[in-house]
Amino acid sequence: MLAVRAVARGAHEVCGKPIDAQELAGVVQRAFQRADLELEGRRLATGDAPPTLRVLRDETERRALLDSLARSGGNLSATARLLGVSRPTLYSLLRQHGIRAD
């Protein structure tokens with residue numbers, strides 16, 4: 001629950017202790033992906049080009065995940081129902097967006 005609140009308040013990701021090497025590699029990879037998206041977002045904010053569909057989809061998905069997690073109090077079954085997806089799909093989306101729901 002603490003991790004959900006931290007992410008909802010702006011943390012990109014929360015790691016458990018002790019940190020597993022594979023988990024750390026995933027965190028780093030997602031950090032680079034977020035940095036790329038943020039760079040693209042800043043470029044787009046200057047008026048250079050309209051946002052790409054990928055950027056819009058990723059931002060919308062992430063917001064929907066965080067909102068649903070907050071509404072369900074971190075309950076993953078309830079979150080999946082709110083989003084209309086299966087639990088395995090929810091787990092995949094959480095991993096994809098670097099959201100830990102411990």
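R54 and D58 sit 4 residues apart, about one turn, in helix α3 (residues 53-71). Welcome to a short tour of this predicted model, in which local features need pLDDT of at least 70, side-chain atom pairs count only at pLDDT 80 or more, and totals for chains, interfaces and linings use all residues. Residues are numbered from 1 along each chain as its sequence is written, and side-chain values use heavy atoms, with hydrogens and water left out.

**Overall architecture**

- The protein has 5 helices and 0 strands, where helices (H or I, at least four residues) and strands (E, at least two) are DSSP runs numbered from the N terminus.
- Read from the N terminus, the order of elements is α-α-α-α-α.
- Along the principal axes, the C-alpha atoms fill a box of roughly 40 × 35 × 25 Å.
- Of the 102 residues in the protein, 30% are buried; buried means under 20% relative accessible area, exposed means over 50%, and partly exposed lies in between (1.4 Å probe, protein chains only).
- The accessible surface comes to about 6700 Å², and carbon and sulfur atoms hold 58% of that surface. Accessible areas come from the Shrake-Rupley method with a 1.4 Å probe, and for residues only the protein chains shown count as cover.
- Among contacts with a separation of 6 or more, 51% link residues 24 or more positions apart; contact here means heavy atoms within 4.5 Å.

- Side chains of opposite charge can pair when their charged atoms come close.
- The structure holds 3 salt bridges, each defined as a side-chain nitrogen of Lys or Arg within 4 Å of a carboxyl oxygen of Asp or Glu.
- One of them joins the side chains of R54 and D58, at 4.0 Å from N to O.
- R54 has 45% relative accessibility, so R54 counts as partly exposed. D58, by contrast, counts as buried because its relative accessibility is 11%.
- D58 also meets R57 in a salt bridge, with 3.0 Å from N to O. R57 is partly exposed, with a relative accessible area of 43%.
- R71 and D67 form a salt bridge through their side chains, again with 3.0 Å from N to O.
- About one helical turn separates R71 and D67, because they are 4 residues apart in helix α3.
- R71 is exposed, with a relative accessible area of 63%, and D67 counts as partly exposed at 37% relative accessibility.
- Through shared partners, salt bridges join R54, R57 and D58 into one network.

**Where α4 meets α5**

- Two packed helices are described by the angle between their axes and the distance between the axes.
- Helix α4 (residues 76-83) packs against helix α5 (residues 87-96) at an angle of about 95 degrees, with the axes 9 Å apart. That makes α4 roughly perpendicular to α5.
- For the geometry, axes are lines fitted to C-alpha atoms, for helices over the stretch in contact, and angles run from 0 to 180 degrees between N-to-C directions. Angles under 35 degrees count as roughly parallel, over 145 as roughly antiparallel, 65 to 115 as roughly perpendicular, and the rest as oblique.
- On the α4 side, L76, S77, T79, A80 and L83 meet R87, L90, Y91 and L94 of α5.
- T79 lies in helix α4 and is buried, with a relative accessible area of 0%.
- Leaving aside neighbours within four places in sequence, T79 is in contact with S68, L69, S72 and L90.

**E40 and its neighbours**

- E40 has its place in helix α2, and it is buried, with a relative accessible area of 16%.
- Not counting residues up to four places away in sequence, E40 touches T52, R54 and V55.
- E40 and T52 are 12 residues apart along the chain, and their C-alpha atoms are separated by 9.2 Å.

**A nonpolar patch on the surface**

- I19, L24, V28 and F32 form a nonpolar surface patch, with about 380 Å² of accessible area together.
- Patches are made of residues with over 30% relative accessible area and no salt bridge; like charges are joined within 9 Å, and nonpolar side chains (Val, Leu, Ile, Met, Phe, Trp, Tyr) within 5 Å.
- L24 is found in helix α2 (residues 21-45), and L24 counts as partly exposed because its relative accessibility is 40%.
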